[in-house]
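Trainee: Please pick one kind of link in this model and go through it closely. Then connect it to the strands, core and rings around it.

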Amino acid sequence: MKRVMLSAMGLSIVLLSGCGSSDATTNDTTDQTQSGTSNSADTRDITDAILTNRSANCADYVASYASMVKDIQNNTAYDGSLTISVANNECTFTANSIPNHDFNDATAHFATPASEQSINVSVPSSPSFAASDTALDLGDNAIFLNGVLLSILSAGCYDVADGNIGCNDINEPFRYDPMSPLVNFGTDQHNAHVQPDGKYHYHGNPMALFDTQGTSESPVIGFARDGYPIYGSYINDNGTIRKVTSSYQLKSGTRDAVTYNSHTYNPGGTYDGSYTSDYEYVAGLGDLDACNGMTRDGAYGYYVTDAYPWVLGCYKGTPDSSFGR
């Protein structure tokens, strides 16, 4: 595997030749500014790119990016597109929701084919902690630096419609966790699938954009709805590269029945991770707080983890209203 380092751009990337759908080639040109939108002539190819920039400021990623990838099962080519701009203390991400890697591999069962979308979301460029944490809702939670959105929560609940979609009341009990190996949401190897409208989106670790082998400290790979950065899984802990750990654990015992809106829900069974409510936060259990984040090197950020809540458990800042579902 050949790595080619390109650092004179917002993302700072390593292109992996011989990985994914095609060998990525990029011409190194001038540095991107931290305001406005990059010139289209400076569009960067991030196909199969591994990022390296750790800046917590979204303004440091202003540029236009593109990728050439393939839907594996359908043998269809797609072009990914992402432009990041900054104005009025907000970073705006304009994307078509096509990732920078091949998708829909043999493990996936997409209900509908992926299609280009019109994504236009913004996050504050100088976020600050809110007076209290904000719970996740059923909207999209973040955007990764390949233009694909993150949705931690599913629209599937026990005993609601077919269990896979239609659970649009955030208070419904027993919401399925799409990242659980006990639940089949048809995701591909990137923990992503498509919504009925064709929007490709992640439910957890994108298995892209950062070195998943742990040979280096993880970069910023996206920004949450409140403007705080999302890092990959690895930190440099006094010279040792290791994965960060979540502070959530499975509850002990068996599930009790829950009555909501005059209906009693009772899936029974032990707490095994099938539902998001199977977990509880234990302060100090791992590296991260209840929102799956921490402050390092003077910057707060969320981290991709191998365990619930996977990327975000809540928002430390104020979520921007431009995100939706």
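Mentor: Start with C167, which is buried, with a relative accessible area of 1%. Buried means under 20% relative accessible area, while over 50% is exposed and anything in between is partly exposed, using a 1.4 Å probe and protein chains only. The model is predicted, so local features need pLDDT of at least 70 and side-chain atom pairs count only at pLDDT 80 or more, whereas totals for chains, interfaces and linings use all residues. Residues are numbered from 1 along each chain as its sequence is written, and side-chain values use heavy atoms, with hydrogens and water left out.

C167 forms a disulfide with C157, their sulfur atoms 2.1 Å apart; a disulfide here is a pair of cysteine sulfur atoms within 2.5 Å. The angle about this S-S bond is -75 degrees, and the link of C157 and C167 is left-handed. The two cysteines are ten residues apart, and both C157 and C167 sit in the loop between β10 (149–150) and β11 (192–194). Strands (E, at least two residues) and helices (H or I, at least four) are DSSP runs, numbered from the N terminus. C157 is also buried, at 0% relative accessibility.

A search of the whole structure finds three disulfides. Another joins C58 to C91, S to S 2.1 Å. The link of C58 and C91 has 90 degrees about the S-S bond and is right-handed. C58 lies in the loop between β4 (49–51) and β5, and C91 in strand β7 (residues 90–95), 33 residues apart. C58 is buried at 1% relative accessible area, and C91 is buried at 0%.

The remaining pair is C291 with C314, S to S 1.9 Å. The link of C291 and C314 is left-handed, with -100 degrees about the S-S bond. C291 is in the loop between β20 (279–281) and β21 (293–296) and C314 in the segment after β22 (299–303), so this link ties together parts that are 23 residues apart in sequence. C291 and C314 are both buried. With the bonded cysteines numbered in sequence order, the pairing is 1-2, 3-4, 5-6.

Now the strands. Strands of a sheet pair through backbone hydrogen bonds, either parallel or antiparallel. Two strands count as paired if DSSP finds at least two bridges between them. β5 and strand β6 (residues 76–87) run antiparallel, joined by nine bridges, and M68 stands opposite D79 in β6. These two strands form a hairpin with four residues between them, and N75 in the turn has a positive phi of about 50 degrees.

β21 and β22 belong to an open sheet of eight strands with mixed pairing, in the order β11-β12-β10-β9-β13-β14-β22-β21. β11 and β21 stand at the edges, each with a single partner strand, so one side of each is left without a neighbour in the sheet. Strand β14 (residues 229–231) runs parallel to β22, over two bridges, and I230 stands opposite Y302 in β22.

In the largest nonpolar core, of 72 residues, F93, Y200, I230, Y302 and L312 touch the most other members. Apart from it lies another core, of nine residues, which includes C167, Y176, V183 and F185. A nonpolar core is a set of buried Ala, Val, Leu, Ile, Met, Phe, Trp, Tyr and Cys residues joined through side-chain atoms within 4.5 Å.

Last, the rings. The structure holds 18 aromatic pairs. Rings of Phe, Tyr and Trp (its six-membered ring) pair if their centres lie within 6.5 Å; planes under 30 degrees apart count as stacked, over 60 as edge-to-face and the rest as tilted. The rings of F110 and Y200 have centres 6.2 Å apart and planes at 55 degrees, so this pair is tilted. F110 is in the loop between β7 and β8 (119–124) and Y200 in strand β12 (residues 200–202), 90 residues apart. F110 and Y200 are both buried. F144 and Y202 form an edge-to-face pair, 5.3 Å centre to centre with 85 degrees between the planes. Ring pairs link Y78, F103, F110, F144, Y200 and Y202 into a cluster.
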